[in-house]
Amino acid sequence: MSRQNYVFTSESVSEGHPDKLCDQISDAVLDALLAEDPNARVACEAFATTGMVMIGGEIGLDDKDRLSHYMNGISQIARDVIRDIGYEQEKFHWNTCKVLNVLHEQSAHIWQGVKNDAAGDQGIMFGYAVDETPS
């Protein structure tokens, strides 16, 4: 394929967009789990629509007995992010929106691949929501 015969596109969204909200929820879940267990392995995605946020993926902990303890706090983490962003509309309010948590224990196959600091999967990132660098 010649370089002249393809189109490259990417999406950019502004502050308050559901994609940005979901990125911040996923990041907050990751941060909370790493604060409690620096060896936690977290694959977390979030999806938002009118009146609802769904959080899914898998969590790997060396101490599997503590998984349910962490899972109980996920909904509150999401609500805190939604509140901090300022969502208080009738159709999407941090205190009344439904938060569906479908996170589960990391599969044994993935755990075996990542237990020694290996990557579970790869992706190409063009940018993500952080304020840790000047750019």
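**Exercise 1. In this predicted model, find the handedness of the crossing of α1 and α3, and decide how the two helices lie to each other.**

Step 1. Find the two helices: α1 covers residues 18–36, and α3 covers residues 74–85.

Step 2. Look at how they cross: the crossing of α1 and α3 is right-handed.

Step 3. Take the geometry: the helices pack at an angle of about 135 degrees, and their axes are 9 Å apart.

Step 4. Compare with the cut-offs: angles over 145 degrees count as roughly antiparallel, and 65 to 115 as roughly perpendicular.

**Exercise 2. Which residues of α1 and α3 meet, and of what class are they?**

Step 1. On the α1 side, pick out L21, Q24, I25, A28, V29 and A32.

Step 2. Their partners in α3 are I74, I77, A78, V81, I82 and I85.

Step 3. Sort the contact by class: 11 residues are nonpolar, 1 is polar and none is charged.

**Exercise 3. Trace the salt bridges around R83 and say how exposed their members are.**

Step 1. Start with D80, whose side chain forms a salt bridge with that of R83 at 3.2 Å, N to O. Both residues lie in helix α3, 3 residues apart, about one turn of the helix.

Step 2. Now turn to D84: its side chain also meets R83 in a salt bridge, at 3.2 Å.

Step 3. D80 is partly exposed at 25% relative accessibility, R83 is partly exposed at 33%, and D84 is exposed at 59%.

Key
Residues numbered from 1 in each chain as written. Predicted model: local features only at pLDDT ≥ 70, side-chain atom pairs only at ≥ 80, totals over all residues. Heavy atoms only, no water. Axes fitted to C-alpha atoms, helices over the stretch in contact; angles between N-to-C directions. Helix = DSSP H or I, 4+ residues; strand = E, 2+ residues; numbered from the N terminus. Parallel < 35°, antiparallel > 145°, perpendicular 65-115°, else oblique. Left-handed = near helix turned anticlockwise from the far one by under 90°. Contact = heavy atoms within 4.5 Å. Nonpolar A, V, L, I, M, F, W, Y, C, P; charged D, E, K, R; others polar. Salt bridge = Lys/Arg side-chain N within 4 Å of Asp/Glu carboxyl O. Buried < 20%, exposed > 50% of the residue type's maximum accessible area, 1.4 Å probe, protein only.
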